[in-house]
Amino acid sequence: MHTISLTDGTTTITLTSGSYLVTEYAMTTAGAAAQPEATVTESMELLVTGANTGALRDNWRAVEALLELAALRQRSGVGARVWLQVLLHGEATTWRSEIVSAKLEPERAIAAYSRLKAPATLAFERKAFWEEASETELQLSATGQAAATGGRVIYNRINDNWAQIAAAQIGGTLPAAIRLRIKNTSAGALTAPIVYAAVNAFSDPANFAHILEGEAAASGGSTQAVTGTSGGNVRRFALTTTAQSGRWTIPAATLQDTAGRPVRILLLANDITAGGVYVSARLCYSTSETAITQTDEVYIASAGRQVVDLGAIPLPPGNVGASYSDLSLRLYMRTATGTSTFDLDFIQLTPVDSFRRYSMVVSTTLAVNDSFVDDGMAELLYIDGAITVPMLVAAGAPLRLWPGRINRILLLSNQISSTYGEVRVYYRARKASL
C-alpha cells in the first residue's frame, strides 16, 4: 500500500491510515522542462472519519490547519513549508512536493456527520517537482583529494579552486538545488570576502581549462613578481586615457568544451593604483583586434585585490561542429583621467550552467571556522559559526546540480591565492514524476 501524508516538519498527517483514507489520486506532471518555480494543480479524493462527530471535526480541521500554514507561507514568504509526501508501495524512498495552495471541499456534509464518514476533495497546487524527503551529503573530490564526504579543501588559485561531484551521485531527472557550505579554514579571518560560485556540468567539467594566468599573456603589459598571487606573478599594465590591450590565447580544445555556451569573464585583479580603470573584453580571431563578440566596459573604482565580472559571452559564438581554431581574448583597459597601474592575477573562464555571487551584508570579517551557507533547498542564506546570523546576501539564482553528469563547482574570491576553505555540498534528488 502507498503511504501519502501532509507534513510541516513537525506535524504529520498520514492520509492513508487511521482516520483518513485516500480513495483516488491522479498525479500530473509539468514535464522535465519545467522551471523550479513552476507548479501543477491536482486533486485527491479523501475520506475523513472519526469516532464521534467532535473527533471527525477535529480530524478535518487538522488538515485545514496544515493547508492554512501553506497559504501563510506563500503570503508572507516566511514560516513553515507544508509538503505532500508519497512513499510508493515496495519502495524505500519517500518523495515530497511543496504545497502552494489548497482547500478541503466537503461532499454531503450533513449526512456525513451522522455516518461519521466525510467524503472530501483535496484540491491543491504544488511545486512541479518531487524531491527526496531526506537529504544526502555528496562526496567531493578536489586537487589531490579523492572523493569523500566530510568536506574538501580548495584554494583561491589556478587549478585548485574547484570541487567535483561524480555523475553517479546525482540521481533523479531534474536539476537539484543544493546546500553549499564554504568554511574559512585559513590561518586568519578574511576581510570582507566576496565569493563567486559556478557549476560546470556541460563543458567537459573534468578537463575544462578554466584559468588563463595573467603572465601567460601573448602580448601587452609585463610580468611582475608579486607575493600572494597565483603562481607568484601578475601581468602589469601601465594605463593612460588611451586604451591598451592585453591578449591571451583560448585554445581550440577549450572552444570544443564550451561549444557555444555562455561563459562569464571573471578577472582576479590584484591591485589598481592612482584611480579607477575601465576594462572590457573582446573575443577575436587569431591576433586580429576585430571583435567577434565583446562585453560592455566595466568601471573599477577601488584599489586592492578584487574579482571583476565583465559579463558573459558565448564561447565561441554559435555551436561548434568541426574543430574551430584557437581564438584570442583581449582585454582593453584605460583610465578616466591621468595614469594608473593595473595588476592582473588571472582570468577565469566561468561556465554558467549555474552561477551565484555571495557577499556579507556589512563589510566585516569572516572569522576562522565560520562558514558561508547557501541552502537552496530551504531558500536560506546565512553565516554559520560561533553564532548563526542572516548576514549573507547573494546575486543570482540558487545553485543547482544536473543528474547523471559530472558537476564541478568553481569558487573564486577576492582573497589572496593562499586562502583556503573547506567545501561541503548536500542535496535532494529531484524528478518530474514518481
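The structure is a predicted model, in which local features need pLDDT of at least 70 and side-chain atom pairs count only at pLDDT 80 or more, while totals for chains, interfaces and linings use all residues. Residues are numbered from 1 along each chain as its sequence is written, and side-chain values use heavy atoms, with hydrogens and water left out.

- Leaving aside residues up to four places away in sequence, Leu-15 is in contact (heavy atoms within 4.5 Å) with residues including Ile-4, Tyr-20, Met-44 and Leu-122.

**A buried loop residue**

- Thr-419 is placed in the loop between β35 (407-413) and β36 (420-427).
- Thr-419 counts as buried because its relative accessibility is 11%, where buried means under 20% relative accessible area, exposed over 50% and partly exposed in between, with a 1.4 Å probe and protein chains only.
- Not counting residues up to four places away in sequence, Thr-419 touches Ile-154, Tyr-155, Asn-156, Ser-186 and Leu-190.

**Salt bridges**

- Across the whole structure, a search finds 18 salt bridges, each defined as a side-chain nitrogen of Lys or Arg within 4 Å of a carboxyl oxygen of Asp or Glu.
- Arg-81 pairs with Glu-98, with the closest N and O atoms 3.3 Å apart, and both Arg-81 and Glu-98 are buried.
- Arg-81 and Glu-98 also belong to a network of salt bridges that takes in Lys-127 and Glu-379.
- Asp-309 and Arg-264 meet in a salt bridge at 2.9 Å, N to O, which links strand β25 (residues 306-315) with strand β21 (residues 261-273), the two residues being 45 residues apart.
- Asp-309 counts as partly exposed at 22% relative accessibility, and Arg-264 is partly exposed with a relative accessible area of 22%.
- Asp-374 and Arg-356 form a salt bridge at 2.8 Å, N to O; Asp-374 lies in strand β30 (residues 371-375) and Arg-356 in strand β28 (residues 354-360), so the pair ties together parts 18 residues apart in sequence.
- Asp-374 is buried at 4% relative accessibility, and Arg-356 is buried with a relative accessible area of 9%.

Methods. Helices (H or I, at least four residues) and strands (E, at least two) are DSSP runs, numbered from the N terminus.
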